[in-house]
Amino acid sequence: MLDLVISGGRVADGSGGPLYTADIGVAGERIVRVGKIESDEGRARIEATGLIVAPGFVDVHTHSDITILVDPRAESAVRQGVTTQAFPNCGMGLAPAVGDAQADIAERVGRFGIEVDWKTVGEYFDRVRSVDPAVNVVPLVAQGTVRMAVMGFSRAEPTPTQLEAMRDHVREAMRSGARGMCSGLRYVPGGYATRGELIELARIVSEYGGVYASHIRSEGDNGDWFDAIDEALAIGQGARVRVQISHLKALGADVWGKSGRALAAIEKAREQGVDVLGDQYPYDATSSTLFVLFPQWCQEGGVEAFLLRTADAALRADIESSFSTSLALRGGGDRMAVSEYGPDPLLEGKTLARIAEERREDIFETAVSMLEASNGRVSMVFHTLERDDIERIFTNPLVMVASDGSAVAPDGKLAADYYPHPRNYGCFPKVLGDFVRVRKLLPVEEAVRKMTSLPAEHFGLEQRGRIRPGWYADLTIFDPGTVVDQATFENPREFPGGIPYVIVNGRLVVEQGSHTGNRPGKVLAAGEG
């Protein structure tokens, strides 16, 4: 007797091939039959006529490393059809929690009542296992956190002893089942690493068959975008490691319209033997820290050192000049809004230009004072991307879908709902509703491939990402005519519509559009399926 039969749906099996009609039988954690199944063969049945049955969506770039501990229901993710999330990303994670990284991590999680009772990456993901998340988790190690654990916020090149200590941290993570290493070279201290240092760490990742995923040094806002892409590709070649260019985008006036050149570089690298993919979220706005408007050199040593430099007349002029350039490339203060600001939540949603006007300050003074009041923790939404570039990147077959968001819930325990951006709630349904049904950029079968088998193969997820007998029953059932993202920048905490069922490891987590409370997710450590 089957535990569940999904009958009459059109199957998008994850391969990108044509839709076909079939019943799907599930027993335990696995798909056991695809074909015609009689009505009396299942203990439970879902009538899927008129709906599409797809593999569960794999979100290859998320920041749920804190939120999964606070609210393991992962509701904003699973309600989108996401059954697997990869984290941490952009070079900053919650382990190794040693050295200078320990205090930074304790501060970040302490406001949510979490005690840091782990040190290594392996111990952190044991903690993730202990909360029984609703979705599967692909574990990564964060290069920036590794550097902070060994060198703090120093810009210096590591000594041989320090480099070996970093290598040891990465090796521990990979031995514990991490499937790759992420870097955030736009941020500090990760961005202080040289290419040679990154290659040395990526070689450890390569030994274990992992992925090097990078928020590259520039996306067009603070340097040469194409040099930054070339660096990621050179690291892939030098370390013989698979590469993932995170949230691929043309950010800023200098690179608007030039996404074709970036894609051509990636395609050429693949022809030359570099196993590289990109990922992308389907929005015209980014989300990051206010610090991205400031040069990295002035952030060495942390927030206090930064504030001392901005108060030094000899340094302030250089800092302000660089800030003004970044501000202009991103379209000015009217195109960036505060998304999280602990000292005064009433400022959230206001643009930087408006806040400066209300304070009767220039924008530079406002930015510095907000960073001072918040100990450097100001999150922003930057409306700095162009539609043509977004669409060109999306239609490339080498680009996966990724939210760059966190699993949250409007009624959860997370203060201010943690970086409110609509991608937390709407990324995957926006692709299916807006990009596929409305704009017709790709057929639904290809969009599903970019959400399922492409990322699953990229991270080596065994028997996931396709609908096949014997494979894990991670499944998303959606209505192609009504699936829609309902989260906006004005109201970012709205669940999507048109996704009535989501199944993780054979268990219903979303049923009739509501979370069941089931939490059957696993940490998908390398070698564990």
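Predicted model: local features only at pLDDT ≥ 70, side-chain atom pairs only at ≥ 80, totals over all residues.
S183 sits in strand β10, which covers residues 180-184. Is S183 buried or exposed? Its relative accessibility is 0%, so S183 counts as buried. Leaving aside residues up to four places away in sequence, S183 touches C90, G91, Q143, Y212, A213, S214 and H215.

C90 is found in the loop between β7 and α3. C90 is buried as well, with a relative accessible area of 7%. Its backbone is also of interest. In general, most residues other than glycine have a negative phi, and most peptide bonds are trans. C90, although not a glycine, has a positive phi of about 60°.

H247 is another case of this kind. H247 is not a glycine, yet it has a positive phi of about 30°. The residue lies in the loop between β12, residues 242-245, and α9. With a relative accessible area of 2%, H247 is buried.

A cis peptide bond joins F87 and P88, with omega about 0°. P88 belongs to the loop between β7, residues 82-87, and α3, residues 99-110. The bond from V188 to P189 is also cis, and its omega is near 5°. P189 lies in the loop between β10 and α7, the latter spanning residues 195-207.

I now turn to the cysteines. A disulfide is a covalent bond between the sulfur atoms of two cysteines. How many disulfides does a search of the whole structure find? The search finds zero. C90 is in no disulfide, and the nearest cysteine sulfur, that of C182, is 7.2 Å away. For C427, the closest cysteine sulfur is the one in C90, at 14 Å, which is too far for a bond. C427 is buried, with a relative accessible area of 0%.

C298 lies in the loop between β14, residues 286-289, and α10, residues 303-310. At 0% relative accessibility, C298 counts as buried. Not counting residues up to four places away in sequence, C298 touches F306, R309 and I319. The C-alpha atoms of C298 and E494, which are 196 residues apart along the chain, are separated by 38 Å.

Next, the packing of helices. Two packed helices are described by the angle between their axes and the distance between the axes.

Consider helix α5, residues 143-151, and helix α6, residues 160-175. Their axes come within 9 Å and cross at roughly 135°. That makes α5 oblique to α6. The crossing of α5 and α6 is right-handed. On the α5 side the contact is made by V146, R147, A149, V150 and M151, and on the α6 side by Q162, A165, M166, H169 and V170. By class, this contact of α5 with α6 has seven nonpolar, two polar and one charged residues.

The second pair is α15, residues 423-438, and α16, residues 444-451. These helices pack at an angle of about 155°, with their axes 11 Å apart. How do α15 and α16 run, roughly parallel or roughly antiparallel to each other? They are therefore roughly antiparallel. α15 passes α16 in a right-handed crossing. In the contact, F428, V431, L432 and V436 of α15 meet V444, A447 and M451 of α16. The classes here are seven nonpolar, no polar and no charged residues.

The buried residues of α14 are D389, I390, E391, I393 and F394. What do the buried residues of α14 pack against? They pack against α9 (259-271), β13 (276-280), β17 (399-401), α15 and α16.

G497 is placed in the loop between β18, residues 475-478, and β19, residues 501-504. G497 is buried, with a relative accessible area of 17%; the cut-off for buried is under 20%. G497 touches T482, V483, V484 and Q486, not counting residues up to four places away in sequence. The C-alpha atoms of G497 and F478 are separated by 9.0 Å, and the two residues are 19 residues apart along the chain.

Terms used: Residues numbered from 1 in each chain as written. Heavy atoms only, no water. Axes fitted to C-alpha atoms, helices over the stretch in contact; angles between N-to-C directions. Helix = DSSP H or I, 4+ residues; strand = E, 2+ residues; numbered from the N terminus. Parallel < 35°, antiparallel > 145°, perpendicular 65-115°, else oblique. Left-handed = near helix turned anticlockwise from the far one by under 90°. Contact = heavy atoms within 4.5 Å. Nonpolar A, V, L, I, M, F, W, Y, C, P; charged D, E, K, R; others polar. Disulfide = S-S within 2.5 Å. Buried < 20%, exposed > 50% of the residue type's maximum accessible area, 1.4 Å probe, protein only.
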